[in-house]
Amino acid sequence: MKKQIVIVICSILVCAFVSSAWGQTHESYRALLSKQVASPKIPGPEHLRDYVSAGKLRLGLNDAILLTLQNNSDIRIRESTVENAKFSLLGAYKPFDPTLQTILNGNRNSYLGFNLTQTQGTFSELTQSVQATYSQMFQTGTNIQVQLLSSRNSSNSGFTFINPYYYSTLNLQFSQHFLRNRWRFENRAPLILARNNLQQSRSTFEAEVNDAVLLAVIRYWTVIGARGNLEVFQKSLEAAEATYQHDKRALELGALPPLDIYRSEADVASRRVQVIQAEYALKQAEDDLRFTIGAEQDPYIQALDLDLTERPELEGELRNTDEAAALREALAHRPEVQAAQHALQYDETNVRLAHNHLQPDLSLTGFYQSTGVGGNEFSLTTGQLAATGGVGTSFHQLFGFGYPGYGASLTLTLPIRNRAAQADLGSALVNRHRDLYSSQQVREQVTLDVSNAVHRLEVAKLTLVAGTTALDLAQKTLAAEQRKAELGAQSVFFLLDAQTRVATAEANLLQAQINYRTAVATLDHAIGHLLDAYRVQLADLTP
């Protein structure tokens, strides 16, 4: 029987330590803490100087996206939400963390004798004790407590026949709920909620990274478009200046009426304004791209000119997309949809937990204890030392389990009114009702995003074809007007107008090419494949 008791005690302790270790192997402080978060300083911009070539910052589209993910401050700020959710999950393990409490105590008391058994005189007592208590709650809701107490008492009283007196106790206690907070789900619910919150945070962060990548793509192509527009307007200005110089020479020779020179001169001034506006638009677009990739964090990089290597001209087949298939992909892969699903799972857990808190509380508590006594034993008749002993004797009796004590109690608590729990349940139901509509709203928004993205792509393709045709016709018209002007058969007005039309057609075609590029990226964003398209993995950003 004693061996069986020892085996039971050892099994309880082993289970306690194993349960604690199991929880820590899944989520631990060291595993969750990244070097960036632990550092009191933020790192400088990464890899920007790797792209410096010939005194310029030379970037492809993939390079700009990579630098955005590495250096964009907004992404790092939003990533902190995921980091907070990680440590909230770690904090949810608090109820299951074991505790070991040790108490050392020492007391000395002196007093005068006050009865016949004590006789007259001053009596002194010294009490010293050490107590160790191990407490643990398992994820089943079972609480255990193992307490070991050993004390030493000494006195100068002649009526104490064991002096010093060693007393040791081993106390094992357990408690288990059977209705409210009865089993694994009810006690693991904070862990489930925290883990669900982490998943929702990661999905939300993935959506924010999607937005950041799309913004980087749009700003990259905006710079390409602004630079192309500047080249178009500069070429248009050069053509207008050449026409003006020709007209000026004709005026000097008397071949042009004096009033006609103002038309070509005004056109030069108008196109110079367009060049100035295009230069400012290019500078603003470049500043936006620098901000996106974090170039402003390094003054040296900020001062460099941008050399973007991508070309707006298209190669290969234009992309075709079926709207129904795109919508199915979006509903399956958009992180916003996944975040809404995690929110509903969170609500379902809260509702289920709130229902449990309405139940009565039925708990079973039990204990088992063993005691041991040791010390020097004196004869009551002669006062001589009869036997020696000490703390070893006390522990021998203690673990011999010869002097046991045990008991159990079953407690039932019936709430007459439980308005707090009812309020929690009502709030949980309201939150679930709200998130059901939020989930529906997300799906509606995804459907609208896909529809708009598909239509935008189709419009971009049609505009691209029309723009190509318009430029070809404008160039042919310019060639005809140029020939007529050379023969003197037509006013300079028609030549200047043809030049303007060519410039407009070139600008429109360039914008159509840029719109097609961004429309493809917008469609990938709408169906949730933008990160895959540029080989971005969220795990690389949130370890």
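A: Start with aromatic rings. Rings of Phe, Tyr and Trp, the latter by its six-membered ring, pair if their centres lie within 6.5 Å. Planes under 30 degrees apart count as stacked, over 60 as edge-to-face, and the rest as tilted. Keep in mind that this is a predicted model.

Q: How many aromatic pairs does a search of the whole structure find?

A: Three aromatic pairs turn up. In one of them, the ring centres of Tyr-220 and Trp-221 are 5.8 Å apart and the planes meet at 85 degrees, so this pair is edge-to-face. Tyr-220 is buried, with a relative accessible area of 0%. Trp-221 is buried as well, at 3%.

Q: Are the rings of Tyr-368 and Tyr-406 stacked or edge-to-face?

A: The general idea is that a pair of aromatic rings is described by the distance of the centres and the angle of the planes. Here the centres of Tyr-368 and Tyr-406 are 6.3 Å apart and the planes are at 0 degrees, so the pair is stacked. Tyr-368 belongs to strand β8 (residues 361–378) and Tyr-406 to strand β10 (residues 404–413), so the pair ties together parts that are 38 residues apart in sequence. Together with Phe-401, these two tyrosines form one aromatic cluster.

Q: What lies over the face of Phe-185?

A: Arg-352 does, at 3.7 Å from the ring centre.

Q: Now the sheets. What is the strand order in the open sheet of three strands?

A: Strands of a sheet pair through backbone hydrogen bonds, either parallel or antiparallel. In this sheet the order is β1-β2-β7, and the pairing is mixed. β1 (52–53) and β7 (305–308) are the edge strands, each pairing on one side only. β1 and β2 (residues 56–59) pair in the antiparallel sense over two bridges, and Ser-53 has Lys-56 as its bridge partner in β2. β2 and β7 run parallel and are joined by four bridges; Leu-57 has Leu-306 in β7 as its bridge partner.

Q: How should I read a loop residue, and where does Asn-72 lie?

A: Check its place, its burial and its contacts. Asn-72 lies in the loop between α4 (61–71) and α5 (73–91). Asn-72 is buried, with a relative accessible area of 10%. The side chain of Asn-72 reaches the backbone nitrogen of Ile-75 at 3.2 Å. Leaving aside residues up to four places away in sequence, Asn-72 touches Leu-67, Phe-291 and Thr-292.

Terms used:
Residues numbered from 1 in each chain as written. Predicted model: local features only at pLDDT ≥ 70, side-chain atom pairs only at ≥ 80, totals over all residues. Heavy atoms only, no water. Pairing = 2+ DSSP bridges. Buried < 20%, exposed > 50% of the residue type's maximum accessible area, 1.4 Å probe, protein only. Polar contact = N/O pair within 3.5 Å; in protein donor to acceptor, adjacent residues only side chain to side chain. Contact = heavy atoms within 4.5 Å. Lys NZ or Arg CZ within 6 Å of the ring centre and 35° of its normal.
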